[in-house]
Amino acid sequence: MNSPTGFDYVNGKYVNVDPIAAMFNDAWLSQAIHMILAATVATGFAVAGVHALMILKGKNISFHRKAFRIAAIFAVISAILQPLSGDFSAKDVAKRQPAKLAAMEAHFKTEENAPLIIGGVPDEKTETVKYAIKIPGGLSFLAHGDFNAKVTGLDAIPKNERPPVAVVHYAFQVMIFLGVGMMLIAFLYLFILWRKKGWLEKDGC
Ligand code: HEM
């Protein structure tokens, strides 16, 4: 859907459909990696959470401790890789779908040294973002690997073709918040395994 290919659209009908070409479109690699990691990180944390709860409740601790470790391996690896894959996706979106990137980042004005906007409340009428933290050049760097690169803003997109900004920006911020949060928890767990193993043995089992 993000890079429709593998068919011709003729007189309102889809013809010459090639499912393999459709599947391996320009967007498949970054999206497949990001989605597989999304599935393993979400499942890993959910399963680890259930086993952690059982350990806290003192039920069948040795079983739940082993099960927790297996789930934690998936959660930790995926949580650390997910922001890297997100960065790969963002660079891809910047090339293929600049309007989507602009909406995700609430980036209204095409500019060089574009700031990374964290949080904030976008106002689509005044084309401004209130209460945001802005990191100068951050978006240029994340999108194009260069702090001074020009990043297309929504002003380059005809008004009737622009995606809704507020909902896309909020959803994107929630994703980043959860992704960074899970990555920090993963590093904390690795630190505990490395330096503070005793914290995991507090129940004496
Ligand atoms: C710092 C962490 C993250 C970054 C930088 C990031 C970045 C991105 C970007 C740029 C896209 C748009 C990709 C596209 O449309 O081609 C995207 C889509 C998506 N992300 Fe993330 N992401 C992060 C964390 C997460 C996490 C933790 C999850 C779920 C557990 C997640 C799930 C998704 C999903 C389901 C999509 C839609 C994929 C699609 O359109 O096929 N992301 N992410």
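An oxygen atom of the ligand sits 2.9 Å from an N or O atom in the side chain of Gln 31. The model here is a predicted one, where local features need pLDDT of at least 70 and side-chain atom pairs count only at pLDDT 80 or more, while totals for chains, interfaces and linings use all residues. Residues are numbered from 1 along each chain as its sequence is written, and side-chain values use heavy atoms, with hydrogens and water left out.

For Lys 100, an N or O atom of the side chain is 2.4 Å from an oxygen atom of the ligand.

Now for the metal. The iron atom of the ligand gets its protein donors from His 34 (NE2) and Met 175 (SD), at 2.0 to 2.3 Å; donors are N, O and S atoms within 2.8 Å of the metal (3.2 Å for Na, K and Ca), and water is not among the atoms, so sites may look incomplete. This pair ties together distant parts of the chain, with His 34 in helix α2 (residues 28-57) and Met 175 in helix α6 (residues 165-195), 141 residues apart. Helices are DSSP runs (H or I) of at least four residues, numbered from the N terminus. His 34 is buried, at 18% relative accessible area, whereas Met 175 is partly exposed, at 41%. Buried means under 20%, exposed over 50%, and partly exposed in between (1.4 Å probe, protein chains only).

Another histidine, His 64, lies in helix α3 (residues 61-96) and counts as buried at 12% relative accessibility. Leaving out residues up to four places away in sequence, His 64 touches His 51, Met 54, Ile 55 and Lys 59, contact being heavy atoms within 4.5 Å.

Ile 55 also belongs to the largest nonpolar core, a set of 11 residues that includes Phe 68, Val 76 and Tyr 189. Such a core is made of buried Ala, Val, Leu, Ile, Met, Phe, Trp, Tyr and Cys residues joined through side-chain atoms within 4.5 Å. Helix α3 gives this core its largest share, six residues. A second, separate core has 10 residues, among them Val 93 and Val 151.

Definitions and conventions
Helix = DSSP H or I, 4+ residues; strand = E, 2+ residues; numbered from the N terminus. Polar contact = N/O pair within 3.5 Å; in protein donor to acceptor, adjacent residues only side chain to side chain.
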